[in-house]
Amino acid sequence: MVAQGRLRDAPRPGGGPVTRVAAVDCGTNSIRLLVADADPATGELTDLDRRMTIVRLGQGVDRTGRLAPEALERTFAACREYAEIVKEHGAERLRFVATSASRDAENRDVFVRGVLDILGVEPEVITGDQEAEFSFTGATRELSGRTDLHRPFLVVDIGGGSTEFVVGEDHVRAARSVDVGCVRMTERHLVRDGAVSDPPTAEQIAAMRADIEAALDRAEETVPLREARTLVGLAGSVTTVSAIAQDLPAYDSTAIHHSRVSRARVREITEWLLRSTHAERARVPSMHPGRVDVIGAGALVLLSIMERTGAEEVVVSEHDILDGIAWSVA
């Protein structure tokens, strides 16, 4: 639910009233916060604070059907930190959206109660279709005036537990969420004896690829993937591939946002990630420590999508479901 009430409209020099909003996106692998000033009249969303914490909420969910106690505590610790930031900035409205892992878990009521106690709002456990709608809005709102990007857009949000596919021009035409994400694929195919294979075997990679291809078949039942003329990629797997492609000395959102990575480069990076060891991946300066074990699976999802659709490049966006959530309460 959205936090009740509206405290004030904040005047902005030279413009109309803006609303200070906070959005939390809690996924399978990470939890993210955006506090921003939203101006519906101009379509501008001005960041005040944007951050991400790897909490691995979906740890073991695919196998056990339950949220692990240690995963819940990591998530609640991040929520306590975010509550202080929201209070410090004086956000007028807060919306908390929870995605794949909490949809799947039998004990999601424990998660809901914990978030409500800490942040004062109940997390909305949204459907895959709602998740896709938010992702599309967040990724494409600022692309509407671009003449160098052809429509329709295909927005793909590769998360930890699921991937959302959305095709549209100015609005969503078709959307589908499938249960293929970097954490789910890693845990399902690349873990042996409780540890991620280092590196994975050819048989493991082949099984993972077959799983991804089957998911793409399901997505194509609803979404005309091959009709899209511009592929827009969202979330940490895609942005990390872009950072590697650019050989960035550190993760740099400004350099990554709206960068373009060719299919050939994505293939080269994916192949390296899947044959490298944990130690080799960990030495990549732009790699978040929480992505070291799951980035290979995430990159393979991206490559499979590009090969299926024939996309020659992916336009990488740092604006995604989090921005869509913020707009939904502005």
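Good morning. I begin with the ground rules. The model is predicted, so local features are discussed at a pLDDT of at least 70 and side-chain atom pairs at 80 or more, while totals for chains, interfaces and linings use all residues. Residues are numbered from 1 along each chain as its sequence is written, and side-chain values rest on heavy atoms, without hydrogens or water.

Let us look at the whole protein. Its secondary structure consists of 13 helices and 14 strands; these are DSSP runs, with helices being H or I of at least four residues and strands being E of at least two, numbered from the N terminus. The radius of gyration is 19 Å, close to the 20 Å that the globule rule gives for 330 residues, so the protein is as compact as a globular protein of that length. That radius is taken over C-alpha atoms, and the globule rule is 2.2 Å times the number of residues to the power 0.38. Along the principal axes, the C-alpha atoms fill a box of roughly 60 × 50 × 40 Å.

How much of the protein is buried? Of the 330 residues, 56% are buried. Here, buried means under 20% relative accessible area, exposed means over 50%, and partly exposed lies in between, using a 1.4 Å probe and protein chains only. The accessible surface comes to about 13,600 Å², and carbon and sulfur atoms hold 49% of that surface. Those areas come from the Shrake-Rupley method with a 1.4 Å probe, and for residues only the protein chains shown count as cover.

Contacts come next, a contact being heavy atoms within 4.5 Å. Among contacts with a separation of 6 or more, 69% are between residues 24 or more positions apart.

I now turn to helix α2, residues 69-89. Its 21 residues should span 30 Å at 1.5 Å a residue, and the end C-alpha atoms are 31 Å apart, which agrees. The expected span is 1.5 Å times one less than the number of residues. Which elements do the buried residues of α2 pack against? They pack against the strands β2 (17-26), β3 (30-39), β4 (44-54) and β5 (93-98), and against helix α4 (108-119). Among the buried residues of α2 are L72, F76, Y82 and H89. After α2 comes G90, with a positive phi near 65°.

Nine of its ten residues are buried, so α8 is largely enclosed by the rest of the structure. The buried residues include G236, V238, V241 and I244. Just after α8 stands D247, with a positive phi of about 55°. D247 lies in the loop between α8 and α9 (253-256). Is D247 buried or exposed? D247 is exposed, with a relative accessible area of 66%.

A positive phi deserves a word of context. Most residues other than glycine have a negative phi, and most peptide bonds are trans. R56 is a residue other than glycine with a positive phi, near 50°. R56 sits in the loop between β4 and α1 (61-64), and at 21% relative accessibility it counts as partly exposed.

V294 counts as buried, at 3% relative accessibility. Leaving aside neighbours within four places in sequence, V294 is in contact with N29, R56, C182, V183 and T186. V294 and V183 are 111 residues apart along the chain, yet their C-alpha atoms are separated by 5.8 Å.

There are also cis peptide bonds to point out. One joins R151 and P152, with omega about 0°; P152 lies in the loop between α5 (128-140) and β7 (153-158). Another joins D198 and P199, with omega about -5°. P199 is placed in the loop between β11 (195-196) and α7 (202-220).

L274 is buried, with a relative accessible area of 9%. What does L274 touch, not counting residues up to four places away in sequence? It touches P199, P200, I205, M208, G296, A297 and L300. By contrast, the C-alpha atoms of L274 and A139, 135 residues apart along the chain, are separated by 28 Å.

Thank you for your attention.
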